[in-house]
Amino acid sequence: MTRQPFFYDITLRDGNQSLKKPWNLKEKEFIFNKLLDFGVQAVEAGFPAASEMDWEACRRLAQIAPKNLVISGLARAVERDIKTAAECITVCEKPRLHTFIAMSPFNMKYVLNKTPQEVRKTAVEAVSFAFSEMKKLNKNSEVQFSIEHFGDCMENLDYVIDTLKDVVNAGATVINLPNTVERTRVKTFVDMVEKVYNALPKDIMIAVHCHNDLGMATAATVESYFAGATQLECCLNGLGERAGNTNMYEVAVALHNSGVDVPLNLSEIYEMALVVAEMSKVPIAEKAPLIGPEALAHRSGIHQDGAVKTKDMEKGAYRPIHPTLIGRKDDEKIGFTSQSGKTAVFEIISDAGYPITMQEAVRITPIIKEAAEKVGELPTRNIIDIYFKEVFNVQGDFRLVAFEKLSEKVFNLKFFHKTEFFDMNAEGNGPLDACLSALKQAGFPQKLVDYEQYALDGEIFGSGAIAMTVIHFEDLDGKTILARGKDESTLKANVKAIFNGLNLMNHSRQV
Ligand code: KIV
Ligand code: ZN
């Protein structure tokens with residue numbers, strides 16, 4: 001499909017009117033600039049007749065609007081509102097007057113107290129008046145007309161369509177179809193949108209404006225686009241009356257994922273969402289799609305495994321987008337609970353900057369799981385503490401007491417095995433060799449199959465330069481055991497690694 005969606009932002013009007021403390025001019029201008037960075041094609045700046053403050057804000061935004069941006073002002077279908085809004089916004093290059101009236105049988109009868117014929121007359125006269133007022137002040141002007149409660153017009157849809165034809169003849173070029181209160185199925189609403197789209201001339205832009213009372217506003221908006229609606233009225237962070245309006249980010253990403261050319265800078269989304277939450281004092285729900293703190297978190301072992309295996313791929317096993325698409329710098333969060341597994345341990349410790357192998361992760365996972373069973377999600381700090389204890393300070397039958405260099409080639413090793421104390425002198429080509437030789441003399445021969453020496457980032461370990469020794473022993477069953485030791489001195493790092501390895505294998509003495 002080549003038709004590009006037209007994003008019409010209503011954060012500063014529908015979103016703003018629902019805030020406990022509506023934004024002032026400065027705040028509106030701040031959000032407005034964010035909307036420009038995001039790339040929306042139209043902004044409904046406010047309801048100029050509502051208050052002096054809103055008039056001033058709409059006027060200011062109209063004055064600073066770039067040439068290609070549509071600035072719209074809302075007005076009820078009454079002359080005073082229309083005149084006020086027209087005078088306010090026609091200073092911009094592309095002004096639009098947005099007027100509306102309800103046409104659902106229920107609202108006409110119980111709220112407006114008007115017959116359908118009276119409502120039709122009011123609608124047509126309002127559009128006609130708006131058209132002439134706007135054109136007088138700015139020849140680029142447009143008029144948008146909304147049928148408030150369109151979603152409740154199933155029974156009188158023919159009447160609505162006939163009225164809209166008159167409204168179009170009176171000068172409206174954008175027809176907005178709101179689901180003012182979301183009460184029923186998405187499909188019912190979308191079918192109605194399609195019917196209106198098919199009934200009106202093709203140069204009329206069809207818009208949808210969906211509220212989220214049943215949590216389906218995104219679905220209704222996205223599907224309406226495929227049924228012919230081009231203008232999509234959405235709010236940042238899904239702000240708006242009651243459960244809010246359609247969330248702009250969700251619609252944009254859903255269309256993008258469906259192969260539609262979305263003319264928005266999607267990478268602005270995450271930061272913008274945080275700013276809007278702060279300014280609106282409406283916090284982002286933990287589980288909010290795309291932007292929620294939990295939206296990219298995985299806690300079950302199966303999900304964590306899939307997430308890690310597809311981490312750097314555009315398509316992830318358990319996420320709808322790559323986080324960078326919406327400017328989320330943080331990657332998929334792996335949280336550790338009793339449901340999690342070795343992959344999570346490996347990722348959390350590696351992400352924190354500490355060395356770990358999968359073999360070590362497998363070994364310490366049951367210990368971390370046990371801790372998580374008591375507290376629920378285990379903070380990273382606690383996981384790292386367990387890692388330090390289980391990797392660098394392995395408890396067991398062997399306990400190192402001292403290791404000293406006596407001369408160029410001779411070293412002294414003092415240690416306990418269970419309750420037995422050993423004090424051995426041994427020669428060797430360096431500390432590692434001498435320590436192994438002392439152990440052999442004491443009856444604990446070891447098969448060293450590999451040895452590596454590293455300098456660790458002292459900062460991350462909370463001290464100066466740190467030496468880390470990694471050794472690989474082969475145990476009696478021929479299995480390779482990896483052990484680490486760390487210390488400011490390389491000599492001590494060597495010996496600590498050996499003792500950690502001994503405790504991991506839990507050898508008995510060979511005499
Ligand atoms: O929800 C609604 O019907 C509205 C109209 C004013 C467009 O906000
Ligand atoms: Zn609304």
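Before anything else, a term I need: I call two residues in contact if their C-beta atoms, placed from the backbone, lie within 7 Å. I also keep in mind that this is a predicted model.

**Entry: the cores.** I started with V43. Leaving aside neighbours within four places in sequence, I find V43 in contact with D9, L12, F32, L35, L61, L69 and I71. Then I looked up the largest nonpolar core, which has 101 residues. V43, I71 and V127 touch the most other members of that core. Helix α6 (residues 116–137) gives the most to this core, with 9 residues. Apart from it lies another core, of 27 residues, and I noted F444, I471, A497 and F499 among them.

**Entry: ligand 1.** Which residues are around ligand 1? My list reads D14, F100, S146, E148, N176, P178, T180, H209 and H211. By class, I get 2 nonpolar, 5 polar and 2 charged residues in the shell.

**Entry: helix α13.** Is helix α13 (residues 342–351) largely enclosed or open? I found 8 of its 10 residues buried, so the rest of the structure largely encloses it. Those buried residues are K342, T343, A344, V345, F346, E347, I348 and I349. They pack against α12 (301–309), β10 (333–334), α14 (358–375) and α15 (380–392). Just after α13, I spotted G353 with a positive phi of about 100 degrees.

**Entry: A277.** I placed A277 in helix α11 (residues 269–280). Why do I file A277 as partly exposed? It has 18 other C-beta atoms within 10 Å, and a buried residue needs 20 or more, while an exposed one has 12 or fewer. Beyond its neighbours within four places in sequence, A277 is in contact with N237, V282, P283 and I284. I also checked L239, which is 38 residues from A277 in sequence, with the two C-alpha atoms 9.4 Å apart in space.

**Entry: domains.** The domain assignment gives me domain 1 (6–264), domain 2 (335–392) and domain 3 (398–510). I read 25 Å between the C-alpha centres of domain 2 and domain 3. Their contact takes 6 residues from domain 2 and 7 residues from domain 3. On the domain 2 side, α14 and α15 each supply at least two residues. That side divides into 2 nonpolar, 3 polar and 1 charged.

How values were computed. Residues are numbered from 1 along each chain as its sequence is written. Chains are lettered from A and ligands numbered from 1 in the order in which they are written. This is a predicted model: local features need pLDDT of at least 70, side-chain atom pairs count only at pLDDT 80 or more; totals for chains, interfaces and linings use all residues. A residue is near a molecule or strand if its C-beta atom, placed from the backbone, lies within 6 Å of it. Ala, Val, Leu, Ile, Met, Phe, Trp, Tyr, Cys and Pro count as nonpolar, Asp, Glu, Lys and Arg as charged, and the others, Gly among them, as polar. Helices (H or I, at least four residues) and strands (E, at least two) are DSSP runs, numbered from the N terminus. A nonpolar core is a set of buried Ala, Val, Leu, Ile, Met, Phe, Trp, Tyr and Cys residues joined through C-beta atoms within 7 Å. Domain bounds come from an automatic or database domain assignment.
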